[in-house]
Amino acid sequence: MKKLLSCVRQANTTNIYLLSRSKFYFVKFLIMSNTENYRNVQYSTSQSPKNDLSKYGGMNNKDWDQLWRDQSTPWDTKQASPILKHLVETIYQDRADIKHALVPGCGNGYDVDTLSALKSVETVVGLDISETAIASANSKKTQFQYGNPNKVQFVCQDFFTLDKKFDIIFDYTFLCALPISLREAWAHQMKKLLNYKDNANAELVTLIFPLVKRTNTGDLDTDITKGPPYILSYPLVEKLLVDVGFENIEQYNVPTQFSHPARANNEIIARWRVKKVSKL
Ligand SMILES: C[S@@+](CC[C@H](N)C(=O)[O-])C[C@H]1O[C@@H](n2cnc3c(N)ncnc32)[C@H](O)[C@@H]1O
């Protein structure tokens with residue numbers, strides 16, 4: 001009986017913890033969605049010793065699945081990223097080399113739908129560590145109206161264990177959701193997953209959000225451990241990727257009409273390729 005009571009108490013504590021934490025993320029998303037861009041600030045890409053991440057505990061697959069089961073998904077805009085649609089309709093539609101695409105941390109899979117509209121594409125993998133997210137994405141597959149659901153595969157797996165090659169990878173609200181200690185591993189894994197040895201044009205597209213902002217006192221907010229989701233900046237992503245051999249092809253502030261309204265002026269699109277190594 002005592003054991004049973006202690007289990008119930010423990011379960012309640014976990015629920016309260018997750019509930020209050022999901023409210024915290026929601027407020028953070030609202031604040032972040034209304035802030036300015038500060039793209040030229042330099043940030044450390046690793047955890048500063050004075051900032052103890054352990055208080056956030058990092059997010060593991062059970063935490064994510066719990067949020068999905070509780071329907072505490074404030075990041076879910078219920079629509080595909082307008083800037084990705086724009087890129088698909090302009091620069092990617094005529095690219096014959098894009099055969100396999102990946103959206104890590106795909107959630108409900110709206111961006112997976114978008115990429116499946118590419119003429120050349122054969123498979124688009126939407127990957128998520130949460131079984132509930134994958135079940136939800138699969139249930140929405142038939143409602144996708146933009147792309148081709150027959151080309152879509154939703155897979156429940158940890159990004160860091162995936163072992164396949166892709167011609168295009170789209171990261172949106174995925175890097176910002178990972179514990180800071182995994183950022184270098186994220187960059188290495190992105191390089192490993194990109195089909196750059198067989199396709200010189202293979203690319204990683206990062207839609208960088210949420211961006212670093214100013215504090216109430218007007219100073220730049222350099223506390224990058226206020227997560228998750230952890231705030232990002234262009235220099236931070238650039239350092240992570242350049243360090244493992246990527247080069248930037250293009251980057252710009254997302255024009256307002258191509259952002260979700262609540263995220264306008266708070267997103268940067270950046271496209272990356274693995275740098276060719278001279279054989280001389
Ligand atoms: C902030 S949410 C963003 C979801 C989606 N990109 C969107 O914009 O709606 C981050 C997602 O990444 C997933 N995730 C977290 N860690 C993961 C990992 N290691 N491998 C795969 N998915 C992961 C979570 O389950 C969650 O669905």
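Here are some notes on this predicted model, point by point.

1. Ground rules before you dig in. Local features are given only where pLDDT is at least 70, side-chain atom pairs count only at pLDDT 80 or more, and totals for chains, interfaces and linings use all residues. Residue numbers start from 1 along each chain as its sequence is written.

2. The sheet. It is an open sheet of seven strands with mixed pairing, in the order E3-E2-E1-E4-E5-E7-E6. (Strands are DSSP runs of E with at least two residues, helices are runs of H or I with at least four, and both are numbered from the N terminus; two strands pair if DSSP finds at least two bridges between them.) E3 (152-156) and E6 (246-253) stand at the edges with a single partner strand each, so one side of each has no neighbour in the sheet. On average, neighbouring strands are turned by 20° against each other, direction ignored (axes are lines fitted to C-alpha atoms, and angles run from 0 to 180 degrees between N-to-C directions).

3. Strand E7. Have a look at residues 268-274, which run antiparallel to E5 and are joined to it by five bridges. On the other pairing, E6 and E7 are antiparallel over seven bridges. Trp272 turns up in both: it is the bridge partner of Leu204 and stands opposite Asn248. Leu207, meanwhile, stands opposite Ile269. Five of the seven residues of E7 are buried, so the strand is largely enclosed by the rest of the structure. (Buried is 20 or more other C-beta atoms within 10 Å of a residue's own, exposed is 12 or fewer, partly exposed is in between, with C-beta atoms placed from the backbone.)

4. Helix H6. Within residues 183-193, the buried ones are Arg183, Trp186, Ala187, Met190 and Leu193. They share one side of H6, because they cover an arc of only 135° around the axis (taken from the directions from the helix axis to the C-beta atoms). Their cover includes strands E1 (100-104), E4 (168-172) and E5 (203-208), plus helix H7 (234-243); contact here is C-beta atoms, placed from the backbone, within 7 Å.

5. Helix H7. Here Tyr234, Leu236, Val237, Glu238, Leu240 and Leu241 are buried, and the cover over them includes H6, E5, E6 and E7. Just after H7, Gly245 takes a positive phi of about 110°.

6. The ligand. 20 residues surround it, the closest being Trp64, Gly105, Gly107, Ile129 and Phe159 (the cut-off is a C-beta atom, placed from the backbone, within 6 Å). By class, the shell has 13 nonpolar, four polar and three charged residues. Nonpolar covers Ala, Val, Leu, Ile, Met, Phe, Trp, Tyr, Cys and Pro, charged is Asp, Glu, Lys and Arg, and the others, Gly among them, count as polar.

Notes
Two residues are in contact if their C-beta atoms, placed from the backbone, lie within 7 Å.
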